[in-house]
Amino acid sequence: AEAVDKQEAALDSVRHFPYLVVSEDVGAQSLLNKLIRNNLVNTTNQVEVLQKDPNSPLYSVKSFEELRLKPQLLQGVYGMGFNRPSKIQETALPMMLAEPPQNLIAQSQSGTGKTAAFVLAMLSHVDPNNKYPQCLCVSPTYELALQTGKVIEQMGKYYPEVKLVYAIRGNKLQRGMKLQEQIVIGTPGTMLDWCSKFKFIDPKKIKVFVLDEADVMIATQGHQDQSIRIQRMLPKNCQMLLFSATFEESVWNFAQRIVPDPNIIKLKREEETLDTIKQYYVLCNSKEEKFQALSNIYGAITIAQAMIFCHTRKTAGWLAGELSREGHQVALLSGEMQVEQRAAVIERFRDGKEKVLVTTNVCARGIDVEQVSVVINFDLPIDKDGNPDNETYLHRIGRTGRFGKRGLAINMVDSKMSMNILYRIQEHFNKKIEKLDTDDLDEIE
Ligand code: ADP
């Protein structure tokens, strides 16, 4: 009993002292991606499927009709503007809707239709006549839970008998009450409390358990244990579904503890390449000179939209100021902004309201703004040890086959150290980065 108490105390401290939580960054990043995404990520890659029973036939559907959904749900799906299942939904949906239910671990990058898929599965499996929780969905943060809740509400719009409740901090229920809603969505700590300590939910009656954003989940202290403790209370025949954008070893180990006998679906990320990108560098001596070079570039070529990356907030703020003084319409993305504010800035930029987006490295990680044709590394990307961050470099300026457009990348170099970084990046990708003379810019167009 003492050990359990200790564990409780440890979990409580995590719940009550959010500064112990390390996932702020990944959680916020994931939310940001959701807020700014308004359509599917296209991919030409094929899904990889590993079936629990390799001898059973593998179904995949090309239309939502083939799934024999309840008419109210089909209406909800079409009402959201979906015409056909996404790549991952083609195989994931028949698997999740099969009888008897099958367990699933699915991995694909954000924006490929995972949330929509499990929301449809949850809505299909509940019986609205039963007034008690039948599906639990755990998300890593309060905000992500709300986002998923919105999708449930949208897709369930024509199926109002199905009700939803949020198990999130601040949602205080009366002691002794029993929930009547069929779907509960929330964060692991509160969900666990509601199942065990407060008994608002009878875990034995749960038919579907969804664990969303497993990679973000395990980056947060305590969440992994809490999720496992919830899972252990569920009946053996409960359908377990786990989703993740990435699949490192740690995520994979966690997934296997949560989902017994899984089917596995993976959809590879589209490879980014530097093949269609012209890469240049400009040699300067100070940040003022870098700014001057940037002005020259702007004077010489027409730039529809550009993203400019700086290493620190201070530089980003300074540069944004200088650029607007020169008459540019500048958007600034900075670390002290709330996620919602950041999403608003990105949306304005994407809509073309501003032509230049100045940002720090951290802020724009993983953000795709597809129409940007010029990327400027005002500071080169380096990791915390000062080594070149090749992955970030590639992601910033690389293009996937789907956009195919030619792009331009300009790197600002202002010291021996940054020249060295540049050489190492060039070597890593084995692609020449040409020197650009900003007093003579004819060559670049
Ligand atoms: P993920 O959970 O993998 O990040 P989502 O389910 O949130 O992906 O889907 C990403 C975006 O694509 C959302 O805006 C969603 O409404 C939309 N979407 C999902 N499935 C489809 C579909 N079959 N057809 C069109 N749009 C879709």
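Student: Okay, which strands does helix H12 lie across?

Tutor: This is a predicted model, and in it H12 (residues 313-325) lies across E11 (306-310), E12 and E13 (356-360). Its direction is at about 165 degrees to E13.

Student: And what does helix H13 touch?

Tutor: H13, residues 339-350, packs on the sheet and touches E11, E12 and E13. The angle between the directions of H13 and E12 is about 150 degrees.

Student: Switching to the sheet: what's the strand order, and is the pairing parallel or antiparallel?

Tutor: The order is E12-E13-E11-E14-E16-E10-E17, seven strands in an open sheet, with parallel pairing.

Student: Which strands stand at the edges?

Tutor: E12 (330-333) and E17 (434-435). Each has a single partner strand, so one side of each has no neighbour in the sheet.

Student: What about E10, how many of its residues are buried?

Tutor: Five of the seven in 277-283, so E10 is largely enclosed by the rest of the structure.

Student: How many bridges does E10 make with E16, and how many with E17?

Tutor: Seven with E16 and two with E17, parallel in both cases. On the E17 side, Tyr280 sits opposite Glu434.

Student: Which residue in E16 does Gln279 stand opposite?

Tutor: Ala409. Ala409 is also the bridge partner of Val375.

Student: How many bridges join E14 to E16?

Tutor: Four, between E14 (residues 374-377) and E16 (residues 407-413), and those two run parallel.

How values were computed:
Residues numbered from 1 in each chain as written. Predicted model: local features only at pLDDT ≥ 70, side-chain atom pairs only at ≥ 80, totals over all residues. Heavy atoms only, no water. Pairing = 2+ DSSP bridges. Contact = heavy atoms within 4.5 Å. Axes fitted to C-alpha atoms, helices over the stretch in contact; angles between N-to-C directions. Buried < 20%, exposed > 50% of the residue type's maximum accessible area, 1.4 Å probe, protein only.
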